[in-house]
Amino acid sequence: MNEIDPARRFSPEAVRKFDGPTDGDAPGGMNDVARQVASQYRRDTMSPIMVSGVLRMVEFGLLFLSGLCVYFYFVGFFNYLAWQYPVTIATASFLAVVLVDVTDCYQVVSLMRPIANFGRILLVWAGAFALMALTAFATKMSEDYSRLLFGTWFVVGFVLLFGLRLVMSRLIRRWARDGRMERRAVIVGGGKAAEILIRSVEKQPYNDIRICGIFDDRSDKRSPPIVAGYPKLGTISELIEFARIARIDMLIVSLPLTAETRVLQLLKKLWVLPVDIRLSAHSNALQFRPRAYSFIGSVPMLDIFDKPINDWDSVAKRAFDIVFSLIGIIVFSPVMLATAIAIKLDSKGPVLFKQKRHGFNNEIIEVYKFRSMYTDRSDPTAKQTVTKNDPRVTRVGRFIRKTSIDELPQFVNSLLGSLSLIGPRPHAIAAQSHNLLYNEVVDGYFARHKVKPGVTGWAQINGWRGEMDTNEKIRMRTEYDLYYIENWSLLFDLRILFLTPIRLLNTENAY
C-alpha cells in the first residue's frame with residue numbers, strides 16, 4: 001500500500017478549498033449545560049513543555065552554582081579564581097542537562113516517577129563527569145584539577161539534582177489534581193469509536209489529558225448522550241464557542257480516516273480555533289510510518305493542525321514585542337507628543353480614541369489610536385468604512401491616517417500584551433463590506449484570530465491596508481494573514497518590522 005503523508009492530506013489549503021456543506025465559521029449558541037462546563041475551565045493552565053523547559057534552566061543554574069560554591073569552600077572566596085574551573089563547571093552542568101534531556105528524563109511521565117529514574121539520573125551525572133575527565137586527560141589538564149573538589153561536587157550536585165526531582169514530582173501531581181497543569185481535550189464524534197478512544201486514553205499511566213466532553217452533530221439515536229461517562233455537550237458549531245471559553249488545548253477527532261469527506265467537513269469548521277487538532281488513529285485500518293504519529297501514552301494520533309506560536313515560541317515572540325515596543329515608544333515619543341498637541345488644537349475631544357476589536361481567540365480587546373475624526377461623528381463600531389475625503393475625518397486626522405501616525409499608541413497595546421507588534425491587523429467588531437460582516441464574506445475568516453493581532457502585518461506591507469471597500473480586498477488580506485500564521489518565525493517578524501516604514505511610504509490606500 002502507498003503511504004500517504006497526513007500533513008499533505010489535510011493541509012490548510014485543502015480544508016479551505018473543500019466544497020462540502022458547512023454551517024459556517026461563526027460560533028453557535030451553546031446550551032446551558034455546555035456553558036456551565038466551559039465556565040469551569042476558564043483559568044489558563046501551565047504547559048508541560050514550558051514546565052520542563054524552565055526545569056532545564058533551573059537544573060543548569062543549580063548545578064553550576066553548587067559547583068562554584070564547592071570551589072569557593074575549598075579554595076576560599078577571596079582567592080584567585082582560575083579560569084578553567086568555572087568554564088569546566090559550566091560545561092559539565094550544561095552537558096548533564098543535555099544528557100538528561102536525551103534520556104527523556106524531562107518528560108512529564110519521568111518527572112512524576114523520580115524513584116524509578118534514580119539509576120538513569122545517576123548514570124547521566126556520572127557520564128557527564130566521565131566525559132569531563134576524559135577531556136581533561138586528552139588535553140593534559142587533569143593534573144590542574146582537585147579530585148576532592150570534583151568528588152565533593154559530584155555528591156552535592158547529584159543530591160540537589162535528585163532532591164529537586166522529588167520536589168517537582170509532588171508539585172506536578174498537585175498541579176495535575178488542581179487542573180493547573182493539564183491538556184484540555186474535547187472528543188469530536190461520538191458512539192462506539194469515541195468510547196474505545198476514551199477508554200484507551202484513560203488507561204494511559206500519568207496521563208495529562210483531561211477530557212472535557214464530546215461534541216457530535218448526529219442525533220442521540222446515532223450518537224448516545226453519554227459516552228464512557230462523558231456527556232455530549234452539543235454540535236460541532238457549538239464546539240467553537242465552547243473551545244474558546246474553556247481554553248481547550250486539543251480536539252481529538254474520533255472518525256475513521258477513510259471517512260475523508262466527513263473529516264474535511266469537520267476540519268473546515270474547526271481549523272479556525274487556536275488548538276491542536278488530532279485524528280485518532282488507534283482503530284484506523286490505514287497505517288502510516290511511525291514518525292507520522294504523535295502519542296498520548298501509547299494511543300497513536302495523526303497530527304492534523306498544531307496550535308501556532310505555542311510554548312517557547314510564544315515566550316520568544318512576547319520578548320520580541322516588549323523590546324521593540326519599548327524602543328518604538330522611546331523613538332516616536334516626540335512625534336506622539338506633537339500629534340497629541342495638534343489634535344487638541346484642531347478639534348474638540350480626547351486625544352486618544354479607543355475601539356473594541358477582535359483579538360486572540362476571538363476575544364474582545366480595546367485598541368488605542370490617535371483620534372482622527374470629529375468626536376460627534378466618530379464610529380466606534382467601524383460599521384461605516386472610512387473613504388477618500390470622508391467628511392468625518394479632521395484635517396489633522398487626514399494626515400495622521402495617511403502616514404499611519406494614528407496607529408502609534410498601539411505600541412502601548414503591544415507592550416501590555418493585548419496586541420502583538422507583528423500579526424494580522426485587528427478589525428473592528430462590526431466591520432462590514434456591502435452590509436456583510438467580514439466573516440460572512442470570507443470563509444475561514446476567524447482563523448486570523450489563532451494568534452494575537454498586530455500593530456503591523458504581512459498583509460499591510462504587501463499593499464493590503466486602508467479601506468476594505470470590496471470583498472476581494474478582504475479575501476486577499478485574510479489570505480496574507482493566514483500565510484503569516486502558517487509560516488511564522490522571529491526572522492519573519494523582523495523582516496516585516498523593518499519593511500513596514502518603507503512600505504508605509506505608499507499611501508495610496510490610506511485615507
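This is a predicted model: local features need pLDDT of at least 70, side-chain atom pairs count only at pLDDT 80 or more; totals for chains, interfaces and linings use all residues.
User: Where does helix α12 have a kink?

Analyst: Helix α12 spans residues 312–346, and a kink of about 60° lies at F332.

User: Which elements do the buried residues of α12 pack against?

Analyst: Start with the buried positions, which include F320, M336 and I343. The buried residues of α12 pack against β10, α13, α14, β11, α17 and α18.

User: In what sense do β9 and β10 pair?

Analyst: As background, side chains in a regular strand alternate between the two faces of the sheet. Here β9 (residues 352–358) and β10 (364–370) pair in the antiparallel sense over seven bridges. One of the bridge pairs is K356 with E366 in β10. Five residues separate the two strands of this hairpin, and N361 in the turn has a positive phi of about 60°.

User: What does the salt bridge between D406 and K369 tie together?

Analyst: A salt bridge needs a Lys or Arg side-chain nitrogen within 4 Å of an Asp or Glu carboxyl oxygen. The D406 and K369 side chains meet at 3.4 Å, N to O. D406 lies in the loop between α13 and α14 and K369 in strand β10, so the pair links parts 37 residues apart in sequence. Both residues are buried.

User: Is R218 buried or partly exposed?

Analyst: Buried means under 20% relative accessible area. R218, at 24%, is partly exposed, whereas D216, at 4%, is buried. The two form a salt bridge, with the closest N and O atoms 2.9 Å apart.

Key:
Residues are numbered from 1 along each chain as its sequence is written. Side-chain values use heavy atoms; hydrogens and water are left out. The bend at a residue is the angle between axes fitted to the seven residues ending there and the seven starting there. Helices (H or I, at least four residues) and strands (E, at least two) are DSSP runs, numbered from the N terminus. Buried means under 20% relative accessible area, exposed over 50%, partly exposed in between (1.4 Å probe, protein chains only). Contact means heavy atoms within 4.5 Å. Two strands pair if DSSP finds at least two bridges between them.
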